[in-house]
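Open the model in your viewer and keep the selection tool at hand.

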Amino acid sequence: MERSSPLLLNLSDTRCAEWLAHDHTLLWLGVQGLEAPPGGFVTSEVFFCEVSSNCLRSQQWQHRLPQSWELPGGGSEGSWRSSGPPSPQRAGVLAAAPQQVQAGWPRPVTFMPGNTGPVLVGHSKPGARSASKTCTHSPRAKYPAIKALMRPDPHLKWTVLGMVLVQLLACWLVRGLAWRWLLFWAYAFGGCVNHSLTLAIHDISHNAAFGTARASHNRWFAIFANLPMGVPYAASFKKYHVDHHRYLGGDGLDVDVPTRLEGWLFCTPARKLLWLALQPFFYSLRPLCVNPKAVTRMEVLNALVQLAADATIFALGGVKPMVYLLASSLLGLGLHPISGHFVAEHYMFLKGHETYSYYGPLNWITFNVGYHMEHHDFPSIPGCNLPLVRKIAPEYYDHLPQHHSWVKVLWDFVFEDSLGPYARVKRVCKLAEDRL
């Protein structure tokens, strides 16, 4: 691709990001923090990406960036706004080949707003949605009220505190139970609580408890929410979940996508049922095989805190409280009605649609994780506010395919031949530069 004069996106515009696309080719850009006086010039290294045929190619060069440039050929101006602090200023640069400009390119398309850093998503069809992203305006651009929803959930920390205390109380109560009743309550009650806590950790990983300004508070609070699960989970989830949003379905990047071995092996109803029951193990081990990463300091601290808590519970209550907590996690994340959301979110029940929402009553105990299309459109909006997104902008969501029952999702997944671990969109993406 030829190198050409770029467009510097308007730094002062507070509208949603609007990128430029043409059919299955999306020209993307890196985002970098820049400091410059008003109307001044800065020199910066700019990261350029072309998304074509589901593949990202990149190169780097030096540019001298004024406050505003116009795209040759009368291209329209886009805009980008960081959800981070206003200083240092943040800028992006978009480049277009001359032949594309002459062919009537560009035309506007919306990109997922609400991210706090550079996000590169490579796909021929938008991963999270194929409806609103082909519209001229995004929900946030059309409805400024959506921006007001991007704030911490004031009730999340108290809800999580109550759930952790309830599980600790249950540890005390199960000491005298027969094993069969202990396992029953671990599935029927503890499984719901622990699964809900994993979804609270999901919200906390998006800084929903204390906001982006106090990111470390969120990291430590996620470790606290992790305590009733019995095994360290929160820090590792944060590390990998960011890739799920950056590279939805990315081969070797998004560890939410099953491996080829899983797709090949678990292809019959009985095997798929077993696969669902073993979900906690696959979700734990898959990252080590698909996209292994160095152990972080927070993961070590998460493990140490969890081991200390487990040792204390065992010392005070014996083996049954620990079995109850571990069984609650394994059973609640396995073949359990709430676990239907694992399959409902991104498995292709309808051709051409890879992300689905669910608006049923189980959202009440799962921090509205069912509003998954809304979540991928606005990751910085906490679960408590996602129903308001749909209420404010119903034309972007009501017409999209949606699930009505997570139990039916599990049933169809097991017994429909067209569904299984292979029923996922997988695309080839290139890693974004972490320093951008």
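Select leucine 350 first: its relative accessibility is 45%, so it counts as partly exposed, the class between under 20% and over 50%. This is a predicted model. Leucine 350 sits in the loop between helix H12 (340-346) and strand E9 (357-358). Leaving aside residues up to four places away in sequence, leucine 350 touches Tyr356 and Pro401.

Arginine 427 is buried at 5% relative accessible area, and glutamate 354 is buried at 9%.

Next, select lysine 426 and aspartate 251, whose side chains meet in a salt bridge of 3.7 Å, N to O. Aspartate 251 lies in the loop between helix H6 (234-246) and helix H7 (260-265) and lysine 426 in the segment after helix H15 (406-415), so the bridge ties together parts 175 residues apart in sequence. Aspartate 251 is partly exposed at 40%, and lysine 426 is partly exposed at 35%.

Last, select glutamate 262 and arginine 286, a salt bridge with its closest N and O atoms 2.8 Å apart. Glutamate 262 is in helix H7 and arginine 286 in helix H9 (residues 279-290). Glutamate 262 is buried at 4%, as is arginine 286 at 3%.

Conventions
Residues numbered from 1 in each chain as written. Predicted model: local features only at pLDDT ≥ 70, side-chain atom pairs only at ≥ 80, totals over all residues. Heavy atoms only, no water. Helix = DSSP H or I, 4+ residues; strand = E, 2+ residues; numbered from the N terminus. Buried < 20%, exposed > 50% of the residue type's maximum accessible area, 1.4 Å probe, protein only. Contact = heavy atoms within 4.5 Å. Salt bridge = Lys/Arg side-chain N within 4 Å of Asp/Glu carboxyl O.
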